[in-house]
Amino acid sequence: MSFGRLIVATRNPAKLRELRELLEPRGLELLGLNELDPDGALRIVENGRTFRDNALIKARAVAGAFGVPGLGEDSGLSVAALGGAPGVLSARYHGLTDAELRRVHPGYPGGRRLRVPGAEADALNNTRLLAELEGVADRRAHYTCALALVDAAGGILFSTRGEVQGLIGDRRRGDGGFGYDPLFHPAGDERTFAQYRPEEKHAVSHRGRALARLTTYLREVAP
């Protein structure tokens, strides 16, 4: 099977940029939903309980909508002191109630949701995380990225995941990356991902590791 173009099930421009930086040198053209579905007609309900579940939901949604192979990616931050939260709920964490978080993470200790009209979601997520870890000694966390590649009929061609362990800092540092990058210190490094150059982050990140495995697969099936 030949892959010259892949439809990526994301509307997140920062995420699409990272995927392009990692895969386009391989000769792939990546198209996101903001380009293909600018009016937002395609609604994808990410109701999986795992990152892999959500990656498959996304991949199959775009494959079904456009009749071509689809790539789904789901990623997030799991914090030990929060019972693994926000996990698969990372993007919506700021606005979720305790009950909503505990349905997926029963060990979540509780917190306060943040809803500020017009405020950027990443900033609210980081603000809530810092507040809930204030005074907490256990700062362990890990990032996870799951990828799923499906054919035009939704059949699974390849799936994988990547992880990176680290700690949550006590304040934001750096202005690169996105998501929780200003707070996440990879194990053994005083810098956050937001202080890394893009090529540095790609070499060690959860997304970089997962995409390295996808690249190996693509090289084998479509040399």
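How far apart are the end C-alpha atoms of helix H7, and what span should its 16 residues give at 1.5 Å a residue?

## Helix H7

This is a predicted model. Helix H7 covers residues 206-221. At 1.5 Å a residue, the helix should span 22 Å. Its end C-alpha atoms lie 23 Å apart, which agrees with that expectation.

Which residues of H7 are buried? They are His206, Arg207, Gly208, Ala210, Leu211, Leu214, Thr215, Tyr217 and Leu218. These buried residues pack against two helices, H1 (13-23) and H6 (198-204). They also pack against strands S3 (70-79), S4 (140-150) and S5 (156-168).

## The sheet

Six strands form an open sheet. Their order is S2-S1-S3-S4-S5-S6, and the pairing is mixed. Strand S2 (29-31) and strand S6 (184-186) stand at the edges. Each has a single partner strand, so one side of each is left without a neighbour in the sheet. On average, neighbouring strands are turned by 35 degrees against each other, direction ignored.

Strand S1 (residues 5-8) pairs with S3 in the parallel sense, over two bridges. Val8 has Leu71 of S3 as its bridge partner. Helix H3 (residues 51-66) lies across S1, S3, S4 and S5. H3 runs at about 155 degrees to S3.

## The loop between S3 and H4

Two residues of interest sit in this loop. Gly84 is placed between S3 and H4. A cis peptide bond joins Ala85 and Pro86, with omega at about 0 degrees.

What does Gly84 touch, leaving aside its neighbours within four places in sequence? Gly84 is in contact with Leu77, Ser78, Val79 and His105. Gly84 and Pro106 are 22 residues apart in sequence. In space, their C-alpha atoms are 8.9 Å apart.

## The largest pocket

The largest pocket holds about 800 Å³ of space. Its lining is made by 31 residues. Asn12, Lys15, Glu46, Lys58 and Ala91 lie nearest the centre.

Which element gives the most to the lining? Strand S3 does, with four residues. S3, helix H5 (121-132) and H7 each supply at least two residues of the lining.

Note on methods. Residues numbered from 1 in each chain as written. Predicted model: local features only at pLDDT ≥ 70, side-chain atom pairs only at ≥ 80, totals over all residues. Heavy atoms only, no water. Expected span 1.5 Å × (residues − 1). Buried < 20%, exposed > 50% of the residue type's maximum accessible area, 1.4 Å probe, protein only. Contact = heavy atoms within 4.5 Å. Pairing = 2+ DSSP bridges. Axes fitted to C-alpha atoms, helices over the stretch in contact; angles between N-to-C directions. 1 Å grid on protein atoms, 1.4 Å probe; cavity = no way out; pocket = protein on both sides within 12 Å on 5 of 7 lines; lining within 4 Å. Points joined across faces, edges and corners; volume = space filled by probe spheres on them.
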